[in-house]
Amino acid sequence: MLRRNVRLRKEYLYRKSLEGKERAAYERKRLIRKALEEGKPIPTELRRDEAALRREVELEDDNTAVPRSHVDDEYAHAGEVDPKVLITTSRDPSSRLTQFAKEMKLVVPNSQRINRGGLILKELVDTCRNHDFTDIVVLHEHRGEPDGMVVCHLPYGPTAYFGIFNTVLRHDIGQKKEVGTISEAYPHLITDNLGSKLGQRTANILKHLFPVPKDDSKRIVTFANRNDYLSFRHHTYTQPKGASSIELTECGPRFELKLYQIKLGTMEQAHAENEWVLRAYTRNTKRAKLSGEDGDAGAGGGGGRAGAAAGGGK
């Protein structure tokens, strides 16, 4: 198993090293394509390779014309098998954080919850890799109130760090007869107002925690972006009078997520490269980073790979 992980890691790093060459080739073909479409002369620096570049441009389709990044490979096969998610907490959790972890276990299908105990991050990640987990969700708290969530995709990343605000557990919403029981059916996902590259990347990380639902599923999980805060809501619905009427019942829990970092690696790798970091106090105009309404996703953040493109979808 150790040799296999080393080999896969080397293949991953090799694919990453090819990105610079692929990006340069893409820019050259883009200039050729633009000149042909506008009827302008071929740029002087490209005339020597014009014939070869034209042949490559003619053979490309909508899928191969776009340059691919190594971050796309992280979720390349995500829809082929159902995800297997491990949910745990920080050490010595309070009763409220433990209850929150139990409710998140009911929200995410095919998930397992464990008590953290004395496990360090490296042991936790290695154990999950060996047991074919696809993701790890670690919940944190401050003074008994959930305040953080880490979503780590295995085996190589990425790792997204979120702040949690305004947490309302199921028993805070109402009695059991009001909120009902949580169905085991796979939920439909709704992602709203995540139009920027960073927003698509964030939606890609979150949506691959959930398996592909069946068409007749009555569960809905919503991630709605408002001012860069992702509102999480969990409902079931009925249609008492046919398709023209829908009645929603909130199952809970509910909370708000604030993205503040994405790392190109797993969470135990302290020196992994930052893909995006929230830098709220630099001299930048305030812009919506997730919705893409006021500019590109990387405009208000930092990091070497701001707003990397999202991988394949469901």
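Visitor: Which residue lies over the face of Phe 133?

Guide: This is a predicted model, in which local features need pLDDT of at least 70, side-chain atom pairs count only at pLDDT 80 or more, and totals for chains, interfaces and linings use all residues. Residues are numbered from 1 along each chain as its sequence is written, and side-chain values use heavy atoms, with hydrogens and water left out. A charge sits over a ring if NZ of Lys or CZ of Arg is within 6 Å of the ring centre and within 35 degrees of the ring normal. Over the face of Phe 133, at 4.6 Å from the ring centre, lies Lys 84.

Visitor: How many aromatic pairs does a search of the whole structure find?

Guide: Rings of Phe, Tyr and Trp (its six-membered ring) pair if their centres lie within 6.5 Å, and planes under 30 degrees apart count as stacked, over 60 as edge-to-face and the rest as tilted. By this rule, the number of aromatic pairs found in the whole structure is 5.

Visitor: What kind of pair do Phe 165 and Tyr 229 form?

Guide: Tyr 229 also has Lys 258 over its face, at 4.7 Å from the ring centre. The ring centres of Phe 165 and Tyr 229 are 5.7 Å apart and their planes stand at 70°, so the pair is edge-to-face.

Visitor: Are Phe 232 and Phe 255 buried or exposed?

Guide: Phe 232 and Phe 255 form a stacked aromatic pair, with 4.7 Å centre to centre and 10° between the planes. Buried means under 20% relative accessible area, exposed over 50%, and partly exposed in between (1.4 Å probe, protein chains only). Phe 232 and Phe 255 are both buried.
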